[in-house]
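Please read this note with the coordinates open. It goes point by point and keeps to what can be checked there.

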Amino acid sequence: MSNSINTLARDAVKAIVPYASARSSMSGGAIWLNANENALAPEYQLSGSFNRYPSCQPKAVIDSYAAYAGVTPEQVLVSRGADEGIELLIRSFCEPKQDSISICPPTYGMYAISAQSNQVPVNIVPLTADFTLDLAALFSTTPKLVFICSPNNPTGDLIPREQIIAVLEHYKDSALVVLDEAYIEFAPQASVVDLLPQYPNLVILRTLSKAFALAGLRCGFTLAAPDIINALKQMIAPYPLAEPVAQIAAQALTAESVALMQTTVTTINTLRAEFIAYARQRSGINKVWPSNANYVLLQVDDAAACVAALAQQGILIRNQSSQLGLSQVVRVSIGSPAEMQALYSVMDDYFNAPATRQQASFQQTAQRERA
Ligand SMILES: *Cc1c(COP(=O)(O)O)cnc(C)c1O
């Protein structure tokens, strides 16, 4: 039976290597520092019955996000996470097998996966050694969509504003420039939302999953000129947001909740500075990159062994070594103060251990995973 299903599936489906999310590739453990979530989460409550179909674009959510972001409601689309925004942009603006997108790795994986699943070719234009855009190489591509992530996941750096403007200018009449601002609350001064009136080809992606501590909600936003928003509305499902999602998103966007979110951002930015200071003096950690988001990249001697050894002690971090140019690199999300204390203690044990013991603990884990 499974054989005949395999013959029925489209070739594009058979070819796809699905996104290995932090939640699917690792589980267990008590302390999750592998998905850039916010551990400092408020609680929410639902009310009423759910017998009616929900609004496609719930007004309370759209209006409050527009006010929060400093745009008009006509410039806002709400979707099932920013991931659905990425998918809708590709499906609305790229003719399969004809139009392409350009991406600048190391960066977020979903741009390429969404493109691939829609049979849209991907132009790969690596970031420079200092993680800025290679403009000459980028401008040699002729895409319909350019994806730029700032603060970039997983590098944590900001793409310089002059470079973003140069890209917007270059593609003024030929492509949309999509700025993924999933982590912008950690560096709000770097947002390019103020450029929207000036550049009708600018699209901004936002989410409630990171600073707003609502990854489980699946709620994201696309900000753009009304013409672009209307094009995306042609493609979106009739009921993309469940009613409970709309209710909680509206609660998360009240002035009081936004202020609370900003308090957690301040706490996390302080914890990040402490972690960077710790990691810089920790022998065994060979390189620590600066960060403008709620995660930090570290280069170690053996990334797989480090991830496995920490997992064995209940702490999950993410190996980024398969990303272009990030050999033996791990990404650590900033957790709660107690989680960071636990991380220091486990890292001290791991990096103080002689290399042979590090190797032994890794082999033990690998064996257990096979069993
Ligand atoms: C987490 C993340 C997203 C996805 O956000 P969702 O709203 O959870 O779909 C998009 N872009 C980047 C860079 C991310 O890290």
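Predicted model: local features only at pLDDT ≥ 70, side-chain atom pairs only at ≥ 80, totals over all residues.

1. Side-chain atom pairs count here only at pLDDT 80 or more.

2. **Domain layout.** The chain is divided into two domains. Domain 1 is made of two segments, 3-37 and 257-370. Domain 2 is one segment, 59-254. Their C-alpha centres lie 25 Å apart.

3. **The domain interface.** Here 30 residues of domain 1 are in contact with 33 residues of domain 2. Together the two domains bury about 2,500 Å². Of that area, 61% is on carbon and sulfur atoms. How many salt bridges does the rule find across the interface of domain 1 and domain 2? The count is zero. The structure as a whole holds eight.

4. **The annotated range.** An unreviewed UniProt entry gives residues 44-343 the annotation "domain: Aminotransferase class I/classII large". Helix makes up 37% of the chain over residues 44-343, and strand 17%. The end C-alpha atoms of this range are 28 Å apart. Please keep this annotation apart from the domain bounds in point 2: the UniProt range is 44-343, whereas domain 2 is 59-254.

5. **The annotated lysine.** The UniProt annotation "modified residue: N6-(pyridoxal phosphate)lysine", from an unreviewed entry, covers K210. The residue is found in the loop between β7 and β8. Is K210 buried or exposed? It is buried, because its relative accessible area is 15% and the cut-off is under 20%. Leaving aside residues up to four places away in sequence, K210 touches A35, N36, N38, A182 and Y183.

6. **A293.** This alanine lies in the loop between β9 and β10 (295-300). A293 is buried, with a relative accessible area of 0%. Beyond four places away in sequence, A293 touches P151, G156, Y183, F186 and R272. The C-alpha atoms of A293 and I184 are separated by 7.6 Å, though the two residues are 109 apart along the chain.

7. **Helix α5.** Buried residues in α5 are G81, A82, E84, G85, I86, L88, L89 and I90. D83, in this helix, is partly exposed, at a relative accessible area of 24%.

8. **Helix α10.** This helix runs over residues 243-252. V245, A246, Q247, I248, A249 and A252 are buried in it. What covers the buried residues of α10? The cover includes α4 (59-69) and α11.

9. **Salt bridge R218–D83.** The closest N and O atoms of this pair are 3.9 Å apart. The cut-off is within 4 Å, so the pair counts as a salt bridge. R218 sits in the loop between β7 (202-207) and β8 (220-224), and D83 in helix α5 (residues 81-93). The pair links distant parts of the chain, 135 residues apart. R218 is partly exposed, with a relative accessible area of 32%.

10. **Salt bridge K144–D99.** The closest N and O atoms are 3.0 Å apart in this pair. K144 is in the loop between α7 (135-139) and β5 (145-149). D99 is in the loop between α5 and β3 (101-103). They are 45 residues apart. K144 is partly exposed at 31% relative accessible area, whereas D99 is buried at 13%.

11. **Salt bridge D348–R282.** These side chains meet at 2.9 Å, N to O. D348 lies in helix α13 (residues 337-352) and R282 in the loop between α11 (255-281) and β9 (285-288), so the bridge ties together parts 66 residues apart in sequence. D348 is partly exposed, with a relative accessible area of 27%. R282 is buried, with a relative accessible area of 9%.

Terms used:
Residues numbered from 1 in each chain as written. Heavy atoms only, no water. Helix = DSSP H or I, 4+ residues; strand = E, 2+ residues; numbered from the N terminus. Buried < 20%, exposed > 50% of the residue type's maximum accessible area, 1.4 Å probe, protein only. UniProt positions renumbered as here; feature names shortened; annotations may be inferred. Contact = heavy atoms within 4.5 Å. Domains from an automatic or database assignment. Buried area = accessible area lost by both parts, 1.4 Å probe.
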